[in-house]
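User: I have a structure open and have not looked at it before. Can you walk me through it?

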Amino acid sequence: MIFRTPTPLPRLALALTVLCTGCASWVAPPDVLSPHPIVNLPIAAAGVKDERQAFAALFEQEVQAYPGPKPQALGAWLHGIDEQAPKKPDDLDEVNRRFAEQAPATAVLLVPGLFADCFEDQSVPFGDGLVRETGLNRSEAYRQYADLGLAGIRSVAVAGRESSEANALRVAEAIRQEAARPEVKRIVLLAYSKGVPDSLRALALLQSQQSLPAALTDLISVAGVVMGTRLADHFEGMFESLSTRIDPFGCSASDGREVSSLTQRESVAWLVAHPPPAELRYHSVVGFAQSTEIGISLRPFNAALKNIDPRNDGQLLSRDAILPGSSLLAEARADHWDIALPRERHPSSLMRASTSERGYPREALFRSLVKWVLAAEPGAHSPK
């Protein structure tokens, strides 16, 4: 994530909005300036498998069971799906059966995004949104998924204001710790936003050390900064000049590189040099929405990015959020924060007001993602 609105000082949101007053007329530097050519292709031609329709059937099942605070039809939550397509209950029964077989020996590690430790007392990815003492939400916020029967669910303790290289060490250690648990035979990594480049670097580190655990089978990217975000390139200089001088909201100290890790310049160059390990399967969930469905704090950035592509979530373009060689599971109709963070449940009315207030059913999304991945046959993209 590039910006979040803190509860104690809501004036930061106003300051950022003022800072971006001219964003709507700003156009990012063209890709041709990169030494690495970037192409736009239909997903099939790019080697990405389109599994949106099949995944939508599972998501609909979970939404019916966990509709969130504002139940709506499936089309309110997903783009690119045919709501009239015939459902196949037998297929869903098989998905649920396979998931139930795999769950007891599977651990899910969630990797949060930028500024994560600044606000993890309430907002961890796919958490329940309750306020707890610092650190407790890394595990306690996921008790709502106890019925899934997994061997464990926890959020990795990364530094919210450090580079992806620094956080890769923390993610790699969390993977090692999970793999050392005798009851864990499978590990699924679910990364959100900056958690994706942090996770990719962790995988590269483990691979270089020849210590990539066989139990680690899947990486799921949710609104992941895969190809970088143009906003990071634009605001990098400002952040580098200020980040090490301030220590707001109880955040961990900045190493001055947290935003540089999210630039398209660095992201593309890193991907060219480090293809994701072939041993894992990769899954992508992207988000974009109309401006009226974007939280007010993200609307200036959504407007800026529309100069390049209307398919953006207020922080990055959806086309820049797809992992190489992955299956595209969903195009969520959500902004960058609503897709994963329970900010609309925050006790502060100012925090709640910064959201879209649509009540995205992210618990149903989390359940669908975990079930889908665990139901897949080894070596396959999706359940068959």
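**Cavities, pocket and loops**

Analyst: The second largest cavity holds about 40 Å³ of space. Keep in mind that this is a predicted model.

User: Which residues line the second largest cavity?

Analyst: The lining is made up of Pro 197, Leu 200, Arg 201, Val 225, Val 226, Ser 267, Trp 270 and Leu 271.

User: How many of the residues lining the second largest cavity are nonpolar, polar and charged?

Analyst: By class there are 6 nonpolar, 1 polar and 1 charged.

User: And how many cavities of 30 Å³ or more does the structure hold?

Analyst: There are 4 cavities of that size.

User: Switching to pockets. What volume does the largest pocket have?

Analyst: Its volume is about 800 Å³. The lining of the largest pocket counts 30 residues.

User: Which of them lie nearest its centre?

Analyst: Val 39, Leu 41, Ala 46, Arg 319 and Ile 322.

User: Which element gives the largest share of that lining?

Analyst: H8 does, with 3 residues. Helix H8 spans 264-273, and both H8 and strand S8 (327-332) supply at least two residues of the lining of the largest pocket.

User: How does the lining of the largest pocket divide by class?

Analyst: It has 19 nonpolar, 3 polar and 8 charged residues.

User: Now the loops. Where is Lys 194?

Analyst: Lys 194 sits in the loop that runs from strand S5 (186-192) to helix H6 (195-208).

User: Is Lys 194 buried or exposed, and why?

Analyst: Lys 194 counts as buried because its relative accessibility is 1%, and the cut-off for buried is under 20%.

User: What lies 2.9 Å from a polar atom of its side chain?

Analyst: The backbone oxygen of Glu 162 is at that distance from the Lys 194 side-chain atom.

User: What about Ser 193, where is that one?

Analyst: Ser 193 is also placed in the loop between S5 and H6. Its phi is near 55°, which is a positive value in a residue other than glycine. Ser 193 has a relative accessible area of 0%, so it is buried.

User: Last one, Phe 115. What is its phi?

Analyst: Phi of Phe 115 is near 65°, a positive value in a residue that is not glycine. Phe 115 belongs to the loop between strand S3 (106-111) and helix H4 (137-140).

User: Buried or exposed?

Analyst: Phe 115 counts as buried, because its relative accessibility is 12%.

Methods
Residues are numbered from 1 along each chain as its sequence is written. This is a predicted model: local features need pLDDT of at least 70, side-chain atom pairs count only at pLDDT 80 or more; totals for chains, interfaces and linings use all residues. Side-chain values use heavy atoms; hydrogens and water are left out. Helices (H or I, at least four residues) and strands (E, at least two) are DSSP runs, numbered from the N terminus. Buried means under 20% relative accessible area, exposed over 50%, partly exposed in between (1.4 Å probe, protein chains only). A polar contact is a pair of N or O atoms within 3.5 Å; within protein, one must be able to donate a hydrogen and the other to accept it, and residues adjacent in sequence count only if both atoms are side-chain atoms. On a 1 Å grid over the protein atoms alone, a cavity is a set of points where a 1.4 Å probe fits but cannot get out, and a pocket is an open set with protein on both sides within 12 Å along at least five of seven lines; lining residues have an atom within 4 Å of a point. Grid points are joined across faces, edges and corners, and a volume is the space filled by probe spheres set on the points. Ala, Val, Leu, Ile, Met, Phe, Trp, Tyr, Cys and Pro count as nonpolar, Asp, Glu, Lys and Arg as charged, and the others, Gly among them, as polar.
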